Protein chains: 2
Amino acid sequence: MRLYDYHAAPNPRLVRIYLAEKGISIPTVQVDITKGEHQSAEFLKHNPMGRVPVLELDDSTCLSETVAICRYFEALHPEPALFGSDAKNQAVVEMWRRRMEFDVALPAMMAMRHTHPMFAHEKQIEAYAELSRQRVEDTMQWLNGELGGREYIAGDTYTIADITALIGFDFGRIVDLRVPEHLPALWRWYQSVRSRPSSSS
Amino acid sequence: MRLYDYHAAPNPRLVRIYLAEKGISIPTVQVDITKGEHQSAEFLKHNPMGRVPVLELDDSTCLSETVAICRYFEALHPEPALFGSDAKNQAVVEMWRRRMEFDVALPAMMAMRHTHPMFAHEKQIEAYAELSRQRVEDTMQWLNGELGGREYIAGDTYTIADITALIGFDFGRIVDLRVPEHLPALWRWYQSVRSRPSSSS
């Protein structure tokens with residue numbers, strides 16, 4: 001089993017943080033996306049979408065998509081439960097994971113994708129970057145209220161929803177979209193998750 | 001337990017198709033989004049994001065997000081398995097479900113959201129609608145190749161990945177983005193999943 005990874009990309013970082021929280025260590029292969037290695041014929045055999053990360057299993061099955069990879073490890077190593085405990089809690093965690101993906105990580109990525117010089121070879125729509133930026137800012141306000149009443153995004157324990165939100169907010173920093181200190185509950189949460197050893201993964 | 005639903009909206013339809021495939025029937029409450037009922041103070045108590053569907057459990061816990069709702073039922077009623085069987089197959093299904101969400105359903109929705117008069121009160125970016133439309137068309141080409149080799153999106157059995165893709169392609173029809181007959185494997189798949197009794201849900 002090995003993980004096709006790129007140390008400076010946010011999506012593989014989600015998997016790296018997840019694995020660090022689980023205490024799982026596996027061999028990795030670096031795919032330098034700044035050199036276009038994710039578009040090589042060799043890599044496209046592992047993922048026709050040309051995206052990292054990809055987990056290659058011992059039988060050569062290739063799993064792409066961060067959440068699919070994390071869920072695979074969750075099934076093999078259930079503890080500590082990062083996708084929730086019983087059926088109800090798992091559904092609550094999934095609800096929050098998705099909210100963090102669609103209202104933080106994805107728009108933060110779009111704010112970057114549609115303005116950053118790294119994507120200048122693709123069509124960039126500045127108005128969409130601006131709309132996406134606004135969505136992250138609106139989510140920050142709302143999350144600040146939510147986090148006034150609990151420690152983590154999906155409840156009293158750290159889960160995949162926290163990892164997803166952290167990845168998203170850290171992604172936003174590339175385009176100067178930052179968690180502001182004047183939102184105290186969100187700021188407290190952000191400092192708390194960033195200070196975990198896993199976050200340097 | 002009850003499901004806040006709206007009969008004409010695509011996201012709740014995903015849950016309705018899923019439940020029909022499972023043979024599960026639960027009471028529903030119609031939330032008419034064309035009349036703004038999803039933004040009422042009453043409904044926002046169930047989902048602060050103001051979106052249907054929402055599943056309200058008997059202990060008043062409210063689950064929003066289609067996939068979280070479906071996964072909850074999957075945990076309670078594992079058969080037939082619509083999220084995959086063993087750990088590896090579940091990861092493969094999740095990979096394909098996500099691809100169908102991010103490369104079919106989401107861009108089809110964006111192609112509509114950024115052009116349709118129903119969303120004229122929000123900021124609409126036509127160039128983004130066009131980019132999204134192109135993404136769905138590119139995915140159709142690619143999927144046509146993939147489906148030459150197997151019956152369903154994620155393998156030999158019908159799964160949540162097929163439901164997600166069907167919802168996405170049917171959503172596209174609103175803006176005249178249609179599965180074309182000249183892509184034979186995709187067309188065969190599309191006719192097959194559309195002819196299941198669940199698809200009229």
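The legends below concern a predicted model, in which local features need pLDDT of at least 70 and side-chain atom pairs count only at pLDDT 80 or more, whereas totals for chains, interfaces and linings use all residues. Residues are numbered from 1 along each chain as its sequence is written, and chains are lettered from A, with ligands numbered from 1, in the order in which they are written.

**View 1. Helices H4 (residues 87-113) and H5 (residues 126-146) of chain A pack against each other.** Helices (H or I, at least four residues) and strands (E, at least two) are DSSP runs, numbered from the N terminus. The axes of H4(A) and H5(A) lie 8 Å apart at an angle of about 150 degrees, and the two helices are therefore roughly antiparallel; axes are lines fitted to C-alpha atoms, for helices over the stretch in contact, and angles run from 0 to 180 degrees between N-to-C directions. Their crossing is left-handed, a term for a near helix turned anticlockwise from the far one by less than a right angle, with right-handed used if it is turned clockwise. Among the residues that meet are A:Asp103, A:Val104 and A:Pro107 in H4(A), and A:Tyr128, A:Arg133 and A:Val136 in H5(A), where contact requires C-beta atoms, placed from the backbone, to lie within 7 Å.

**View 2. Helix H3(A) crosses helix H4 (residues 87-113) of chain B.** The axes come within 8 Å and cross at roughly 160 degrees, which makes H3(A) roughly antiparallel to H4(B), and this crossing is right-handed. On the H3(A) side the contact is made by A:Val67, A:Ala68, A:Arg71, A:Tyr72, A:Ala75 and A:Leu76, and on the H4(B) side by B:Ala87, B:Gln90, B:Ala91, B:Glu94, B:Met95 and B:Arg98. These residues divide into 8 nonpolar, 1 polar and 3 charged; Ala, Val, Leu, Ile, Met, Phe, Trp, Tyr, Cys and Pro count as nonpolar, Asp, Glu, Lys and Arg as charged, and the others, Gly among them, as polar.

**View 3. Helix H1 (residues 10-22) of chain B packs through its buried residues.** At 1.5 Å a residue, the 13 residues of H1(B) should span 18 Å, which agrees with the 19 Å between its end C-alpha atoms; the expected span is 1.5 Å times one less than the number of residues. Buried residues of H1(B) include B:Leu14, B:Ile17 and B:Tyr18, and the buried residues pack against strand E1 (2-5), helix H3 (66-76) and helix H6 (160-173) of chain B. A residue is buried if 20 or more other C-beta atoms lie within 10 Å of its own, exposed if 12 or fewer, and partly exposed in between, with C-beta atoms placed from the backbone.

**View 4. B:Glu65 has a positive phi, near 80 degrees, although it is not a glycine.** B:Glu65 lies in the loop between strand E4 (62-64) and H3 of chain B, and counts as buried because it has 26 C-beta neighbours inside 10 Å. B:Asp176, likewise not a glycine, has a positive phi of about 60 degrees and counts as exposed, with 8 C-beta neighbours inside 10 Å.

Notes: Two residues are in contact if their C-beta atoms, placed from the backbone, lie within 7 Å. Angles under 35 degrees count as roughly parallel, over 145 as roughly antiparallel, 65 to 115 as roughly perpendicular and the rest as oblique.
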